[in-house]
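Work through the exercises below with the sequence and the model at hand. Each task is followed by a solution in steps.

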Amino acid sequence: MTRLQDVLVDPFTDQHVTAELMPAVVKDLEPTEMCELEPAEDSFLELGKSTFNDVPDLVASWDAGDVLFDSKVSNDGPSSSLKLIASKNSTAWFELVVLEGSAASGIDNAVPIAMEIEVGKGSWESSLIQ
């Protein structure tokens, strides 16, 4: 397993962790359904503008305990699941549930994920993605 040192997990509190990369946990992860988002006026102007009222009901009522209780992720079943919870305007919310790995004490677990993003031709957003 690959150990990742000094991974920034919270830029506001400058929290860093050490984590074990566990790619086998998500090796059979299925892609989510496609979602289409509206363009944002300016991503920097959008920062901090989201309020609780802007969040879809499915996201506002989302509860990690309920998700874990109902999840099929287990030692006997799939080791991970990913689904689109909701999308609104230029934002999408996803739920990723993974089977906790066996990292050493004091070491967090990490899984690699990737997103496939398609941006309209000629849009200013296309210049932000390489």
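**Exercise 1: the sheet**

Describe the strand order and the pairing of the open sheet.

Step 1. The open sheet consists of three strands in the order β1-β2-β5, with mixed pairing. Strands are DSSP runs of E, at least two residues long, numbered from the N terminus; two of them pair if DSSP finds at least two bridges between them.

Step 2. β1 (2-10) and β5 (108-110) are the edge strands, each pairing on one side only.

Step 3. On average, neighbouring strands of the sheet are turned by 50° against each other, direction ignored. The axes are lines fitted to C-alpha atoms, and angles run from 0 to 180 degrees between N-to-C directions.

Step 4. Strand β2 (residues 15-21) runs parallel to β5 and is joined to β5 by three bridges. Ala19 stands opposite Asp108 in β5.

The model is predicted: local features need pLDDT of at least 70, side-chain atom pairs count only at pLDDT 80 or more, and totals for chains, interfaces and linings use all residues. Residues are numbered from 1 along each chain as its sequence is written, and side-chain values use heavy atoms, with hydrogens and water left out.

**Exercise 2: the salt bridges**

Find the salt bridges (a side-chain nitrogen of Lys or Arg within 4 Å of a carboxyl oxygen of Asp or Glu).

Step 1. The count is two.

Step 2. Arg3 and Glu20 form a salt bridge at 2.7 Å, N to O. Arg3 lies in strand β1 and Glu20 in strand β2, so the pair ties together parts 17 residues apart in sequence.

Step 3. In Lys27 and Asp28, the closest N and O atoms of the salt bridge are 3.0 Å apart.

Key. Helices (H or I, at least four residues) and strands (E, at least two) are DSSP runs, numbered from the N terminus.
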